[in-house]
Amino acid sequence: GRWYVEGEAFREVILLNDFEFRFLIKARIWKLYQNPSIDYLTDALQALTGGDAYIYNRGSNPMEMTVAYGSSVLDDSFLKFAIENLDILPRPVGVKYDFERASEKFFGFGDAEFLNNYGFSVGRFTDS
C-alpha cells in the first residue's frame, strides 16, 4: 500500500480529457445496466476498450474471472489503470477479476465473432 505523510492529501484533483471523461461515463452506464453473463461482460469490456479485451471463466473457481486485454489497452495507461483499479467493469456480485495480458491469439470457438481466435483449423493437439 501507499504510505501517507502527515498532512498530505488523500485525494488529488486531476483533469480528464474528453476521451477519458466519456470512457468513465460509458463504463458507469455499462455497470449500472448489467447482466451477469459472460457474453454481456465481454461485450461491455470490448465496447469500452475498442474490442481488444476478453473476459473468461477459468473453470476451477466459479468466483473468479479473468480479464485478458491486448496491446491497445496496455499502450493506454489511463485505460489500464481505470480497468484494474477503479472497479468500473460490470461484474457479478462476489466475483473477483484477475487481470492478464492476452497472448496475440486465443485458441477456441468463434472465428467470425472473435478475430483474435485461432480456431480449429490452425495448430495441433499433440506432437507426432
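In the predicted model, M65 lies in strand β2. The residue is buried, with a relative accessible area of 5%. Apart from neighbours within four places in sequence, M65 contacts I38, L41, I55, Y56, P92, V95, K96, Y97 and D98.

Strand β2 belongs to an open sheet of 3 strands, ordered β1-β2-β3 and with mixed pairing. Strands β1 and β3 (96-101) form the edges, each pairing on one side only. On average, neighbouring strands of the sheet are turned by 25° against each other, direction ignored. Strands β1 and β2 run antiparallel and are joined by 5 bridges; I55 stands opposite V67 of β2. Helix α2 packs on the sheet and touches β1, β2 and β3. The direction of α2 makes about 160° with that of β1.

The largest nonpolar core comprises 20 residues, and those with the most contacts inside it are F23, L45, I55, V67, L89 and Y97. Two or more residues of this core come from each of α1 (18-32), α2 (38-49), β1 (53-57), β2 (64-69) and α4 (77-85). With neighbours within four places in sequence left aside, V67 is in contact with L45, Y54, I55, L89, Y97, D98, F99 and E100.

The count of aromatic pairs comes to 5. W30 and Y40 form a tilted pair, at 5.3 Å centre to centre and 55° between the planes. This pair links distant parts of the chain, with W30 in helix α1 and Y40 in helix α2, 10 residues apart. W30 counts as partly exposed because its relative accessibility is 25%, whereas Y40 is buried, with a relative accessible area of 12%. Y40 also pairs with Y33, in an edge-to-face arrangement with 6.5 Å between centres and 75° between the planes. Y33 is exposed, with a relative accessible area of 66%. Elsewhere, F19, F23 and F78 are linked into a cluster by ring pairs; F23 is also among the core residues with the most contacts.

The mean pLDDT of the protein is 76, and 73% of its residues reach 70 or more. Confidence is highest in α1, at 90, and lowest in helix α3 (residues 71-75), at a mean of 72. Where pLDDT is low, predicted coordinates should not be read in detail.

Key. Residues numbered from 1 in each chain as written. Predicted model: local features only at pLDDT ≥ 70, side-chain atom pairs only at ≥ 80, totals over all residues. Heavy atoms only, no water. Core = buried A, V, L, I, M, F, W, Y, C linked by side-chain atoms within 4.5 Å. Buried < 20%, exposed > 50% of the residue type's maximum accessible area, 1.4 Å probe, protein only. Helix = DSSP H or I, 4+ residues; strand = E, 2+ residues; numbered from the N terminus. Contact = heavy atoms within 4.5 Å. Pairing = 2+ DSSP bridges. Axes fitted to C-alpha atoms, helices over the stretch in contact; angles between N-to-C directions. pLDDT = per-residue confidence, 0-100. Phe/Tyr/Trp six-rings, centres within 6.5 Å; stacked < 30°, edge-to-face > 60°.
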